[in-house]
Amino acid sequence: MMKIAVFASGTGSNFQAILDEVKSGGLAAEIALLVCDRPGAKVALRAEKANIPVFEFSPKEFKNKEAFETIILNQLKQYNVSYVVLAGYMRLIGETLLTAYPKNIINLHPSLLPSFPGKDAIGQAFHAGVKVTGITIHFVDAGMDTGPIIAQKALEVEESDTLESLTAKIHKLEHTYYPHVLNTLFQKRELEV
């Protein structure tokens with residue numbers, strides 16, 4: 001069984017979707033750890049309720065990224081984590097983790113990359129007036145949403161869509177498609193070993 005750590009910063013709706021798929025057997029993985037860079041975030045409560053270990057930290061309490069990523073890396077090793085899954089983690093991954101987990105850190109981004117990288121991708125796409133947007137699942141590298149693409153799923157932007165309705169549609173797509181792609185990737189990687 002693939003052991004994963006989920007990194008999240010906020011409410012944890014994608015964490016919950018991944019957890020639900022793990023529980024139902026739709027995602028052949030075990031969430032061994034939640035890493036959260038915002039102590040007290042709702043995602044930590046979701047993990048605690050599911051008896052998943054939580055590592056919370058406040059980046060500003062460390063002198064630099066290497067310092068807190070070294071502690072995170074020790075946690076990942078302690079729980080024998082094979083993959084890091086980003087689910088609304090609003091922080092660039094640094095050299096410490098990238099070196100330890102090459103091609104094993106996966107991110108979900110709410111646009112069809114390379115369009116609209118970075119923060120507020122849904123708002124960027126909406127305000128640009130695109131007719132099609134979607135989500136991208138990609139491996140993480142040192143850049144901002146620049147890693148190799150694993151999968152994408154598009155959706156049409158309707159004339160009647162508001163930013164709120166488009167955001168809801170994107171989130172719904174994320175919650176179903178991300179766990180599915182993760183499962184496919186993990187099964188393929190296990191077969192390759």
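In this predicted model, seven strands form an open sheet in the order β3-β2-β1-β4-β5-β6-β7, and their pairing is mixed. The two edges of the sheet are taken by β3 (54–56) and β7 (149–156). Each of these has a single partner strand, so one side of each is left without a neighbour in the sheet. On average, and with direction ignored, neighbouring strands are turned by 20° against each other.

Strand β2, which spans residues 29–36, pairs with β3 in the parallel sense, and three bridges join them. Within this region, Cys36 stands opposite Glu56 of β3. A helix also packs on the sheet: α1 (residues 13–24) touches β1 (2–8), β2, β4 (83–86) and β5 (105–109). The direction of α1 makes about 160° with that of β2.

In an unreviewed UniProt entry, the annotation "binding site" covers Gly12, Ser13 and Asn14. The lining of the largest pocket includes Gly12, Ser13 and Asn14. Gly12 is found in the loop that runs between β1 and α1, while Ser13 is found in helix α1. Gly12 has 7% relative accessibility and therefore counts as buried, the cut-off being under 20%. Ser13, at 27% relative accessibility, counts as partly exposed. Contacts with residues further along the chain can be listed for both. Not counting residues up to four places away in sequence, Gly12 touches Val43 and Arg46. With neighbours within four places left aside in the same way, Ser13 is in contact with Arg46 and His175.

The loop between α2 (42–49) and β3 holds Asn51. This residue is not a glycine, yet Asn51 has a positive phi of about 60°. Asn51 has 69% relative accessibility and so counts as exposed, since the cut-off for that class is over 50%.

Like Asn51, Asp120 is a residue other than glycine with a positive phi; for Asp120 the value is near 55°. Asp120 also counts as exposed, because its relative accessibility is 53%.

Helix α5 itself comes next. Its buried residues are Ala121, Ile122, Gly123 and Ala125. At the other end, α5 is followed by Gly129, and the phi of Gly129 is positive too, near 75°.

Technical notes
Residues are numbered from 1 along each chain as its sequence is written. This is a predicted model: local features need pLDDT of at least 70, side-chain atom pairs count only at pLDDT 80 or more; totals for chains, interfaces and linings use all residues. Side-chain values use heavy atoms; hydrogens and water are left out. Two strands pair if DSSP finds at least two bridges between them. Helices (H or I, at least four residues) and strands (E, at least two) are DSSP runs, numbered from the N terminus. Axes are lines fitted to C-alpha atoms, for helices over the stretch in contact, and angles run from 0 to 180 degrees between N-to-C directions. Contact means heavy atoms within 4.5 Å. Buried means under 20% relative accessible area, exposed over 50%, partly exposed in between (1.4 Å probe, protein chains only). UniProt positions are given in the numbering used here, feature names are shortened, and annotations may be inferred rather than shown by experiment. On a 1 Å grid over the protein atoms alone, a cavity is a set of points where a 1.4 Å probe fits but cannot get out, and a pocket is an open set with protein on both sides within 12 Å along at least five of seven lines; lining residues have an atom within 4 Å of a point.
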